[in-house]
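Here are my notes on the model, written up as numbered points. Have the coordinates open while you go through them.

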Amino acid sequence: MASVTMIVNGKEVTANVDPRTLLAQFLREHLHLTGTHVGCDTSQCGACVVHVDGRSIKSCTTLAVACDGASVTTIEGIGTPDHLHPMQAAFRENHGLQCGFCTPGMIMSAIDIVNRKGHQLDEHTIREELEGNICRCTGYHNIVKAVAAGAQAMAGK
Amino acid sequence: MYAFSYHSPKTVRQAATLLGKNPDAKVLAGGQTLLPTMKQRLASPSALVDLGKAEGMSGIEVKGRNVVIGAMTRHADVATSAIVGEAIPALAALAGGIGDPAVRNRGTIGGSIANNDPAADYPSAVLALGATIITNKRKIPADQFFQGMFSTALEEGEVIVKVSFPIPSKAAYEKFPNPASRYAMVGVFVAKKGSETRVAVTGAGSDGVFRSAECEAALKARFNPKSLDGVKVKASGLNSDIHASSEYRAHLIPVIAKRAVAKAMAK
């Protein structure tokens, strides 16, 4: 077992884990933060994207112990059902989801895109930047609209 | 994934000691290849030596006529580095085309080079630019470093610390990605420095990255896309799989090289 301490959504957590525990597993099974999804488990689909020290990463392809000392933000950490993050609100308003399984990763990646590329995002940029997030329902069209709208809404946050 | 013991050394020296004590250990850099491989049980090291907290392993600086990049520098940091963008824009562009944004935020240059995946992007830049791989023990020229698929000159307990890239006068990377995996079926890095032109090919060789003698000979007289017209590359020694035959890859090499030269000249 190995000890790991990290800040998750603003709260410090310390745990003893088997070193092979993936960050996604740690969040879901140890902290019961089940908003982070595991779709493919092979770093293709992006349903598991969270932010580690402010950067998007695939939590199914990162060891929890490797995040010792880091600050982790999950989908639970960005908004509440009553006060959605502007990007979450944009996905709702633009029908940016159908089954919703990929949505947590889409939103965490979308926020990362805004952090890196700013608030005025064209369609091409959004589609390129969402390369690591797969949706099997929507055909992406409304996701792209949602990200563009969410990016603008984040400017007024 | 099988169980392993986890070590998080604070220095490269400690990492080397740990690797010496655990002959079956593997170095964990960004983990973007190693962890999926372990999840599939294709690798089962008894110990992982994580370089994430080892000091002095990341960062980018210009030293003389070289850009020196720490082994633990993430692809995203190379892609967006003002230093790399100014000195070797082709290298920044290459880093920005690896995997996807989340993978680029974890994956490292040292990890990519040490792994020497036959379809990885970085080895082509290292070879074409004639980089030097600086380890905890010695300096290894690129021409001696890559020794076949997933095989390098690294010895047991040897850790890449930095990679030093001579700044070329012209360079560009162009790849033909597999439409599904986005890995290079053929990727070509061309670099011109003084009178020397080097052309390194990834994704195609059954022994991993290699220099294309045919393309280099054609470009020697004149660094121009037209110089590659009519150049034929032999299919022997190239990969043949469900994605492309060796003949198809052989055809692609001068085609992609030509695009890379055009891109290098446009800058």
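1. Into which domains is chain A divided? Domain 1 of chain A covers 2-77 and domain 2 of chain A covers 86-155. Keep in mind throughout that this is a predicted model. The C-alpha centres of domain 1 and domain 2 of chain A sit 21 Å from each other.

2. Let's stay with the two domains for a bit. Putting domain 1 and domain 2 of chain A together buries about 1,200 Å², and carbon and sulfur atoms give 59% of that.

3. How many salt bridges does the rule find across the interface of domain 1 and domain 2 of chain A? The count there is zero. Polar contacts are another matter: seven residue pairs qualify across the interface of these two domains of chain A, both partners being at pLDDT 80 or more.

4. Now for the chain A and chain B interface. Here 22 residues of chain A are in contact with 25 residues of chain B. The buried area between chain A and chain B comes to about 2,000 Å², with 54% of it from carbon and sulfur atoms. Within chain A, the residues that lose the most area to chain B are Arg20(A), Arg55(A) and Thr61(A), together 28% of what that side buries.

5. What about charge pairing between the chains? Five salt bridges are counted between chain A and chain B. If you want one to click on, Glu131(A) pairs with Arg182(B), and the closest N and O atoms of that salt bridge are 3.4 Å apart. The rule also finds ten residue pairs in polar contact across the interface of chain A and chain B, again with both residues at pLDDT 80 or more. The elements giving two or more residues to the side of chain A that touches chain B are strand 4 (55-58) and helix 3 (103-117) of chain A. Strand 4 of chain A has the largest share of that side, four residues. By class, the side of chain A that touches chain B holds eight nonpolar, five polar and nine charged residues.

6. Over all chains, a search of the whole structure turns up 21 salt bridges. In chain B, Lys175(B) and Asp121(B) form one of 3.2 Å, N to O. Lys175(B) is in strand 9 (residues 170-177) of chain B, while Asp121(B) is in the loop between helix 7 (109-115) and helix 8 (122-128), so this pair links distant parts of the chain, 54 residues apart. Is Asp121(B) buried or exposed? Asp121(B) counts as buried, because its relative accessibility is 7% and the cut-off for buried is under 20%.

7. Another chain B pair is Lys258(B) with Asp229(B), whose salt bridge has an N to O distance of 2.5 Å. Lys258(B) belongs to helix 11 (residues 246-266) and Asp229(B) to the loop between helix 10 (213-221) and helix 11 of chain B, so the pair ties together parts 29 residues apart in sequence. Lys258(B) is partly exposed at 31%, and Asp229(B) is partly exposed at 46%.

8. Which residues of chain B are linked in a network of salt bridges? They are Asp143(B), Glu196(B), Arg198(B), Arg211(B) and Glu216(B).

9. Last, a loop residue. Gly54(A) is in the loop between strand 3 and strand 4 of chain A, and at 45% relative accessibility Gly54(A) counts as partly exposed. Its C-alpha atom is separated by 17 Å from that of Leu130(A), 76 residues apart along the chain.

Terms used:
Residues numbered from 1 in each chain as written. Chains lettered and ligands numbered in written order. Predicted model: local features only at pLDDT ≥ 70, side-chain atom pairs only at ≥ 80, totals over all residues. Heavy atoms only, no water. Contact = heavy atoms within 4.5 Å. Buried area = accessible area lost by both parts, 1.4 Å probe. Salt bridge = Lys/Arg side-chain N within 4 Å of Asp/Glu carboxyl O. Polar contact = N/O pair within 3.5 Å; in protein donor to acceptor, adjacent residues only side chain to side chain. Nonpolar A, V, L, I, M, F, W, Y, C, P; charged D, E, K, R; others polar. Domains from an automatic or database assignment. Buried < 20%, exposed > 50% of the residue type's maximum accessible area, 1.4 Å probe, protein only.
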